[in-house]
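User: Hi! I am new to protein structures. Could you show me how to read one, feature by feature?

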Amino acid sequence: MADLQFDERVIAINRVAKVTKGAKRFSFTALVVVGDGNGRVGMGYGKAREVPSAIQKGMEAARKAMVTIPMAGNTIVHEALGAHGASRVLIKPASAGTGVIAGGAVRQILEAAGIKDALAKSLGSPTHINVAKAAMHALTSQRRPDQVAALRGKKPEEVIPGAVLAAYRSTEALRARNG
C-alpha cells in the first residue's frame with residue numbers, strides 16, 4: 001500500500017496556545033485530506049509543537065480514515081446533505097464538464113476524492129473542521145443504486161435514471177479492474 005500515490009492536501013493550519021503560569025505554550029493543529037483520486041478519501045486532524053509534525057500526524061490519521069465513495073462517472077450518485085455541529089454541507093451531482101463548484105474545505109475533499117463534477121454549498125457555521133466533517137458525512141451517506149433499489153424492493157433500472165446507472169456501473173467496473 002506504500003507504493004500508491006495519494007493526493008495530500010492541507011485544508012487549514014491553526015496556532016493554539018496553552019496559557020500556563022510561566023508563559024504561553026504554542027502548538028499547531030493541521031486539518032488535512034488524503035485521496036487517491038479514484039473515489040477514496042480520508043480526513044485527518046493532527047496536533048503537534050511544530051507545523052510539519054502536525055501535518056504529518058494529520059496525514060497518517062487521514063490515511064487510516066479513508067472511505068470509498070460511490071461515484072457515477074466523475075460525479076456523485078445523488079444529492080446529499082451532511083451535518084456536523086452547526087455546519088451543514090449540501091453536495092449535488094453535476095453534468096460532465098461542470099467542474100467542482102465548491103469552496104474551502106469541501107472543494108479540497110471533493111478534488112482529493114477524484115470527483116470532477118459536483119456542486120456544493122456550505123451552510124451554517126464556517127468553521128473549517130466542522131465544514132470538512134459535514135462534507136465527509138455527506139459523501140459517506142451516498143447510497144449505491146443497488147442499495148436504494150433493494151430498500152424499495154425494486155430493480156436498479158426502476159429507481160435510478162439510465163445514464164446515472166450506466167455511469168455508476170462503468171465506474172465500479174473500472175475500480176474492480178484496478179484493484
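**A glycine and its sheet**

Analyst: Let's begin in the loop between β2 and β3, where Gly 39 lies; strands are DSSP runs of E with at least two residues, and helices are runs of H or I with at least four, numbered from the N terminus. This is a predicted model, in which local features need pLDDT of at least 70 and side-chain atom pairs 80 or more, while totals for chains, interfaces and linings use all residues. Residues are numbered from 1 along each chain as its sequence is written, and side-chain values use heavy atoms, leaving out hydrogens and water.

User: Is Gly 39 buried or exposed?

Analyst: Buried means under 20% relative accessible area, exposed over 50%, and partly exposed in between, with a 1.4 Å probe and protein chains only. Gly 39 has 0%, so it counts as buried.

User: Which residues does Gly 39 touch?

Analyst: Contact means heavy atoms within 4.5 Å. Not counting residues up to four places away in sequence, Gly 39 touches Val 67, Thr 68, Ile 69, Met 71, Ala 113 and Arg 175.

User: In what order do the strands form the sheet?

Analyst: Two strands pair if DSSP finds at least two bridges between them. Here 4 strands form an open sheet, ordered β1-β2-β3-β4, with antiparallel pairing. The edge strands, β1 (7–19) and β4 (67–68), each pair on one side only. Between β1 and β2 (residues 24–35) there are 12 bridges, and Asn 14 stands opposite Thr 29 in β2.
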